[in-house]
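Welcome, and please open your viewer. We will go from stop to stop, selecting a few residues each time and looking at what is there.

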Amino acid sequence: MVSFLIAYASWSGNTEEVAGLIGEALAEEGVSVTMHRIGRDVLPNPRSFDAFIIGSFTWDRGATPDEVKDFVAQIGYKPNPVFVFGTGDTQFGGDDLFCKAADKLAKFYHSTYAVLKIEQSPRGAQESEVINWTKGVYTHWQHLHA
Ligand SMILES: Cc1cc2nc3c(=O)[nH]c(=O)nc-3n(C[C@H](O)[C@H](O)[C@H](O)COP(=O)(O)O)c2cc1C
């Protein structure tokens, strides 16, 4: 069974909600999913996963949360492939700073797939965006391993 790690940082719950939707959508594809809340859960062995999905909110004018930086350091190498999503709010600096932490993570990990950016909670109209992105992630992964 293909196994994905979904590692996410969430303060007020938006990123956690997105992570949950991604997890459900992957499970429907038959993927084994391990959820890891950054800064809270004990990190499983990163080498035991076929792919990483990393999610973060953005803080303080485009900043990556400290716990996400600690997580990256804790991993200590660049797993491949890494897929990235984020939640943010355009009120904090418009498009330039929107989900900037997710953009920075994707660049750092040389992610080859589009970053999913969700404004606040994924509930409602953005939910289908999350599901479609997740299906695309899995298709992309299958192509990489064909
Ligand atoms: C002090 C503060 C600064 C923020 N700065 C940004 C920012 O620079 N860019 C952005 O896209 N969102 C920014 N946000 C919005 C959060 O990233 C957004 O609310 C996110 O969905 C929170 O995720 P969480 O509910 O998982 O904690 C900021 C929020 C707060 C409270």
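**First stop: a helix across strands**

Select helix α4, residues 100–108, which lies across β3, β4 (82–88) and β5; here, residues are in contact if their C-beta atoms, placed from the backbone, lie within 7 Å. Helix α4 runs at about 170 degrees to β4, where axes are lines fitted to C-alpha atoms, for helices over the stretch in contact, and angles run from 0 to 180 degrees between N-to-C directions. Helices (H or I, at least four residues) and strands (E, at least two) are DSSP runs numbered from the N terminus. Residues are numbered from 1 along each chain as its sequence is written. You are looking at a predicted model, in which local features need pLDDT of at least 70, side-chain atom pairs count only at pLDDT 80 or more, and totals for chains, interfaces and linings use all residues.

**Next: the sheet**

Now show the strands. They form an open sheet of 5 strands in the order β2-β1-β3-β4-β5, with parallel pairing; two strands pair if DSSP finds at least two bridges between them. Color β2 (32–37) and β5 (116–119): each has a single partner strand, so one side of each is left without a neighbour in the sheet. From one strand to the next, the twist averages 15 degrees.

Zoom in on β1 (residues 3–8) and β3 (residues 51–57), which run parallel and are joined by 5 bridges. Pick Tyr 8 and you will find Gly 55 of β3 opposite.

**Then: the core**

Select Ile 6, Ala 7, Ile 22, Phe 52, Ile 53 and Val 84, which touch the most other members of the 36-residue largest nonpolar core. Such a core is a set of buried Ala, Val, Leu, Ile, Met, Phe, Trp, Tyr and Cys residues joined through C-beta atoms within 7 Å. Elements giving two or more residues to this core include α1 (14–28) and α5 (127–144). Stay with Ala 7: leaving aside residues up to four places away in sequence, Ala 7 touches His 36, Ile 38, Phe 52, Ile 54 and Phe 71.

Which residue is joined to Asn 80 by a cis peptide bond? Pro 81, with omega about 0 degrees, in the loop between α2 (66–75) and β4.

Arg 61, between β3 and α2, has a positive phi of about 60 degrees although it is not a glycine. Cys 99, between α3 (94–97) and α4, is likewise not a glycine and has a positive phi of about 55 degrees.

Is each buried or exposed? Counting other C-beta atoms within 10 Å, 20 or more means buried, 12 or fewer exposed, and in between partly exposed. Arg 61 has 10 and is exposed, whereas Cys 99 has 26 and is buried.

Technical notes:
Two residues are in contact if their C-beta atoms, placed from the backbone, lie within 7 Å.
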